Each structure stands twice: as structure tokens, then as C-alpha cells.
Amino acid sequence: MSRTPSRKHDLLVFKRIRLAASGKQLMTSLYHVVYNVWQLREAYYSLKRDAAAGVDGQTWAEYGEQLEENLQRLSAKLARRAYRPPAVRRVYIPKPDGRQRALGVPALEDKIVQHVVAQILSAIWEPEFKGFSYGFRLGRSQHQALDALTVGIMQRPINWVLDADIRGFFDTICHEWLMKFIEHRIGDRRLTALIEKWLHAGVMEAGEWRASEEGTPQGGLVSPVLANIYLHYAFDLWAQQWRKRKARGEVIIVRYADDFVVGFQHRSEAELFREELGQRLCRFKLTLHDEKTRLIEFGRQAAQHRQQRGERKPETFNFLGFTHICGKSRKGKFQVVRKTMRKRMQAKLNVLKEEFRRRMHLPLKEQGVWVRAVLSGHYRYYGVPLNSNALGSFAYRVKRQWLGALRRRSQKARCLTWAKFLQVTARWTPAPRVCHPYPDARLALRHCRPLIVIT
């Protein structure tokens, strides 16, 4: 069957949902979209081919061997409401601070159904989400959040920055509140019941099933949308109203998932916001991470004010993998300098060190292709203006690790010099390069309106 008609149908369906949701009425007929075979087929093709398997052990390729039969069976099961989501498989990945991050890997059919439901939820809530929310939204990225934050600090009279983090957000989401938020716009009991099944499906770890009374597993396709909906009501709407009603000075807000930064012109307003923020989050069973939530003096006048008081340079803060620093341009003007977080870089290098040992005896060309992919991916994310030194440092240390792995292959390989290594591997080690424009240039192009410059 040709996929072209299904794609046109897919766009038409979600466009109709989006238009109906714009009227603010309660959506009462949505479940038929979930078990539509066209939507299920498109969801299957949108999944990652090499993603890890869930508790059923079924891969993307295995499911596709009898795709139409499987989709018809899944559709019929959903239509008669006999679908029971299996538990998610719990896995752990290392975090930059040395701790472990718990992820949930759903079964393949669960991924398909979650993808369709996530599209429905996004079509309803996307027009309502606030402009300062950037996480897990179509057409928005981490770099857009970084650009918005940088431009806001540089072109607004921001003197104080609240760098906030919610403790264990995905693990502490209150199911009761989440369902209240969803039922605020969705009146189709069949769809809300399916979402409740996911929330109570539990996790499978080391062969044992555990119930989930709160939280939503990271790794599920519907979890990011549910998290955005939760924070939309718990934080975004409140923060927007607080800024309009209580703030007398400038306030900027940038949120990416559960990490958000708020900039203030006045310290008194920053302290008041932090106090009331804790009370607001507590109402929805959330708490701020005390160690990661800081109020620091940061902005155009921060260095001058601290120097007058005999204090050291302004503190820095981390956001989305970058350390933000109060710096100056060559002409002496204030600018926000973004550097690769030291912990992130070291954690990545530690992982690469083990990977080099594992690939040590592979052909040189195969190793080179992998190294080129690693460096190119690093440049694409961290290649922002004023971060060239950190890019060069990362590239140099990766090359030294590769050289060390090659020298351990045999006694003869120990004679490999640094100069010869660079000559042989030059084709696979691209030079560090800045891949992103300056934040004000990208925002001006995106929004097509003049930016306000504060002198």
C-alpha cells in the first residue's frame, strides 16, 4: 500500500484536532484516531529502527515482517478496549555527576500507540503552551532555548538569575493532578483511561515487576508531552501571571523540560519569586532541588557591582550542557559567554575511553568512521560562538585517547608517533568548527522583528 495517502490523511486528522481545540471546548471524540490503522502505520515508520527492545524483546524489524497483520490485530484490540500496556523495562544510564538516570523502555506496540496519543495531545495543547517553554516541542530545540536566554540577559536589564531544577521531576509527577489537567481539555473517557493504564503499568527490573504510584517513565514517547502538560499548569501559567501582576522590573523565563532559568532586574523580586515558587510546586507534589537551585548575581552590571563591594567575579550557572559566564567582547561590551560544561565533557571522555578499548582491534577505517561521527556530533551541539577553545580541547583529548588505544594493539604499534598518527588519521578527525550563529542573529531571523537593545 502506498504511504502517500496515509500521510495526507494523517496531516488532515491532526489539523482538524488542532482547529477544534482552538475553540477551547472539551474534546469528546478522539479515541477513534488512536486505533486507526493509518495512524498506527505512520507511527511504526516513525520509530527508530535500532531502538532497544522492551519486555517483549521484539525489535522494529521483527514486527515489520508481518506488519499489516500486526497492525490490524493491534487496531482491533484498541477498538474493543482490550489493549493492556505491558510494564516498561527499566534501564540505567550514567549521569554527568556520576549518578544513574533511570529510563523506561516500552514494548514496540506500546511505542506505536504512545506515538499516536502523543500527536493527539500535542495537537490540543501546542497552541496553549507558553513561548518560553522549549522542551520536547515540535519546531523547538535546546539551542533556541539557549539563544532566548542569552539574548534576554544581554538585551534586558537583568541583574539576578535564578537557576532552578525540580528534584526527580519525572519520578514524582502526581497521577491525580496529571489526570485532572488532561481531563480539563479531553472528555473522551476511552482516551483518558488508556493514559491511566500507562501511568499504572509499572516497571520491570531484574525480572521483578514493581507498581508505579507516581511519576512517568523517562523514555516513553508520551512521557515528554505529559510532562509539558503538567508543568504548563503547575509552573508556566503561574509564572506568566506572576510576571504580569507582581513584577515591577524586567523578568525573563526560559524553560526546557524540568530545567528552567528566570532572570530578574531586582533582587527583592527574585527572592520573592523563589519563595513563592517553592510553595507553588509543593501544591502539585513537586520540590526544588536545593543543591541545583541557586540565585546568583549575573548580568550587565554584575561584575561592576561586585567589584565595588570588593567581591570576586560573578558566579556562573549551567544550563543545557553549557556554563554561562559574564564576559566582555573585544570592544569591552558585556556579553554572555557559553562554554562546554566541564563535567559533561569529562563524562563524555570517560565513556569514549572505554569505547576506544572495546574497538581497539577493529580495522583503522572502521574506527575512523566512528571517531568522525563522535567529533561531528559534538561540534554540532557545542559548536556555539566563543566556545572554540573547549571544542579544540575536546578534539585533542579524543585524539590522544585514540592514539593510546592504537599503541596498545601490539608492541610494534607503540612506535606510532603523534605526528604520524595525525597524518594517518587526518581524514577522520574534522577540525573544530562553530556550527551555530550568534544568538541575536538567529532570533532576529526566526522572529523577523527588530530586537530591543539596551545600552
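Me: Where is R306 placed?
Reply: The model discussed here is predicted. In this predicted model, R306 touches E297, E311, R312, K313 and P314, leaving out residues up to four places away in sequence. The place of R306 itself is in helix 13.

Me: Is R306 buried or exposed?
Reply: The cut-off for a buried residue is a relative accessible area under 20%. R306 has 13% relative accessibility, and therefore R306 counts as buried.

Me: Which backbone oxygen does the side chain of R306 reach?
Reply: R312 is among the residues that R306 touches. The side chain of R306 comes to 2.8 Å from a backbone oxygen, and that oxygen belongs to R312.

Me: Where does T316 lie, and which residues does T316 touch?
Reply: T316 is found in the loop between helix 13 (302–308) and strand 9 (317–319). Residues up to four places away in sequence are not counted here. With those set aside, T316 touches R294, I296, T323, H324 and I325.

Me: What is the relative accessible area of T316?
Reply: Partly exposed residues fall between the limits of under 20% for buried and over 50% for exposed. T316 is partly exposed, because its relative accessible area is 33%.

Me: What separates the C-alpha atoms of T316 and R338?
Reply: T316 and R338 are 22 residues apart along the chain. Their C-alpha atoms are separated by 9.9 Å.

Me: Which side chain does D147 join in a polar contact of 3.4 Å?
Reply: D147 has its place in helix 7 (residues 142–155). Leaving aside neighbours within four places in sequence, D147 is in contact with R338, P439, R442 and L443. The polar contact of 3.4 Å joins the side chain of D147 to that of R338.

Me: What relative accessibility does D147 have?
Reply: A residue is buried under 20%. D147 counts as buried because its relative accessibility is 1%.

Me: Is Q114 buried or exposed?
Reply: The limit for burial is under 20% relative accessible area. At 4% relative accessibility, Q114 therefore counts as buried.

Me: What is the phi of R81, a residue other than glycine?
Reply: R81 is found in the loop between helix 5 (67–79) and strand 1 (88–94). R81 is partly exposed, with a relative accessible area of 41%. The phi of R81 is positive, near 60°.

Me: What is the phi of L386?
Reply: L386 lies in the loop between helix 15 (364–382) and helix 16 (388–407). At 30% relative accessibility, L386 counts as partly exposed. Its phi is a positive value in a residue other than glycine, near 75°.

Me: How is R414 classed by accessibility, buried or exposed?
Reply: R414 is placed in the loop between helix 16 and helix 17 (418–425). The cut-off for the exposed class is over 50%. R414 has 59% relative accessibility and therefore counts as exposed.

Me: How far apart in space are R414 and S388, C-alpha to C-alpha?
Reply: In sequence, R414 and S388 are 26 residues apart. In space, their C-alpha to C-alpha distance is 31 Å.

Me: What radius of gyration does the protein have?
Reply: The C-alpha trace spans about 70 × 70 × 45 Å along its principal axes. A compact globule of 455 residues would have a radius of gyration near 23 Å. The value for the protein agrees with this, at 25 Å.

Me: Of contacts between residues at least 6 apart in sequence, what percentage join residues at least 24 apart?
Reply: The protein has 18 helices and 11 strands, and buried residues make up 48% of its 455 residues. Among the contacts in question, the share joining residues at least 24 apart is 72%.

Me: How far apart are the mean positions of the positive and negative charges?
Reply: The protein has 81 positive and 42 negative charges. The mean positions of these two sets are apart by 9 Å.

Notes
Residues numbered from 1 in each chain as written. Predicted model: local features only at pLDDT ≥ 70, side-chain atom pairs only at ≥ 80, totals over all residues. Heavy atoms only, no water. Helix = DSSP H or I, 4+ residues; strand = E, 2+ residues; numbered from the N terminus. Rg over C-alpha atoms; globule rule 2.2 N^0.38 Å. Buried < 20%, exposed > 50% of the residue type's maximum accessible area, 1.4 Å probe, protein only. Contact = heavy atoms within 4.5 Å. Lys, Arg positive; Asp, Glu negative; His and termini not counted. Charge placed at Lys NZ, Arg CZ, Asp CG, Glu CD. Polar contact = N/O pair within 3.5 Å; in protein donor to acceptor, adjacent residues only side chain to side chain.
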